[in-house]
Amino acid sequence: MKRETIAPGRPACARLGGSFVLLRADSLRLLLPQQDVGPAEYIEHEPRPTATPGLFEYGAGDGLRRIVALSDRMQALGSFPQGRFVVTQLVAGEGELSFAWNEVRVLIAAELEPHPLPPAMRTAGAPIDAYVEHDGEVLLCSTAGQVVGYATAAAN
């Protein structure tokens with residue numbers, strides 16, 4: 001994510017420029033840097049639950065994937081929701097985990113203006129640090145590291 005300064009007289013936030021991925025899980029709309037998100041893959045059938053609540057498996061052998069389906073509050077769901085047919089891998093440091101989405105959209109060479117979350121919505125360790133408005137939608141800004149860390153911490 002390339003941050004640029006805004007011209008004098010504009011709000012004191014940095015503009016975001018570059019390519020991003022919009023990840024939608026029902027009413028949750030996350031915006032991540034494109035380099036944090038692996039290729040989108042279509043899944044043909046519902047993943048099976050594992051012994052770990054909120055964690056599902058799809059495929060077999062070398063193609064076996066661990067998948068999380070997030071709620072609109074970014075918590076791992078206990079049952080796999082209908083309508084989640086796209087899976088992407090989020091790469092965060094040493095770890096990687098796949099997530100199921102209703103929609104994945106790439107925003108190429110986007111110029112976005114982030115807004116900080118209101119003080120009442122800011123908490124330590126939260127996976128969202130700002131939001132942007134794009135095509136009439138509010139997108140929550142995050143990174144793969146923040147999403148994976150939050151989802152795995154909440155599952156433990």
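The chain is built from 13 strands and one helix, where helices (H or I, at least four residues) and strands (E, at least two) are DSSP runs numbered from the N terminus. Read from that end, the elements go β-β-β-β-β-β-β-β-β-β-β-β-β-α. This is a predicted model, so local features need pLDDT of at least 70 and side-chain atom pairs count only at pLDDT 80 or more, while totals for chains, interfaces and linings use all residues. Residues are numbered from 1 along each chain as its sequence is written, and side-chain values use heavy atoms, with hydrogens and water left out.

Some whole-chain numbers come next. Of the 156 residues in the chain, 40% are buried; buried means under 20% relative accessible area, exposed means over 50%, and partly exposed is in between (1.4 Å probe, protein chains only). The chain exposes about 8600 Å², and carbon and sulfur atoms supply 52% of that; these areas come from the Shrake-Rupley method with a 1.4 Å probe, and for residues only the protein chains shown count as cover. Among contacts (heavy atoms within 4.5 Å) with a separation of 6 or more, 51% are between residues 24 or more positions apart.

Now for the inside. A nonpolar core is a set of buried Ala, Val, Leu, Ile, Met, Phe, Trp, Tyr and Cys residues joined through side-chain atoms within 4.5 Å. The largest one has 22 residues, and Leu23, Leu30, Leu32, Leu70, Leu90, Phe99 and Val147 have the most contacts inside it. Two or more residues each come from β2 (15–25), β3 (28–33), β8 (86–92), β9 and α1 (144–155). The helix α1 gives the largest share, four residues. Val147 shows who meets whom: leaving aside neighbours within four places in sequence, Val147 is in contact with Leu30, Leu32, Leu70, Met74, Leu90, Phe99 and Ser142. There is also a second, separate core of 11 residues, including Leu16, Phe20, Ala110 and Leu112.

Aromatic rings get their own rule: rings of Phe, Tyr and Trp (its six-membered ring) pair if their centres lie within 6.5 Å, with planes under 30 degrees apart counted as stacked, over 60 as edge-to-face and the rest as tilted. Three pairs turn up by this rule. Phe56 and Phe80 make an edge-to-face pair, because their ring centres are 5.3 Å apart and their planes sit at 80 degrees. This pair links distant parts of the chain, as Phe56 is in strand β6 (residues 56–58) and Phe80 is in the loop between β7 (65–69) and β8, 24 residues apart. Phe56 and Phe80 are both buried. Phe99 and Trp101 form a stacked pair, at 6.0 Å centre to centre with 25 degrees between the planes, and these two are buried as well.

Asn102 is in the loop between β9 (95–101) and β10 (103–112), and Arg84 is in the loop between β7 and β8. Asn102 counts as buried because its relative accessibility is 11%, and Arg84, at 4% relative accessible area, is buried too. Their side chains are joined by a polar contact of 3.1 Å; such a contact is a pair of N or O atoms within 3.5 Å, and within protein one must be able to donate a hydrogen and the other to accept it, while residues adjacent in sequence count only if both atoms are side-chain atoms. The side chain of Asn102 also reaches the backbone nitrogen of Asp26 at 2.6 Å, and that of Arg84 reaches the backbone oxygen of Ala100 at 3.5 Å. Not counting residues up to four places away in sequence, Arg84 touches residues including Ala25, Asp26, Ile43, Leu70 and Trp101.

The last stop is the strand β12 (residues 130–134). Its covered face holds Ala130, Val132 and His134, whereas Tyr131 and Glu133 are on the uncovered one. Strands pair if DSSP finds at least two bridges between them. Two bridges join β12 to β11 (residues 115–116), running antiparallel, with Pro116 opposite Ala130. Five bridges join β12 to β13 (residues 137–141), again antiparallel, and here His134 stands opposite Glu137. β12 and β13 form a hairpin with two residues between them, and Asp135 in the turn has a positive phi of about 50 degrees.
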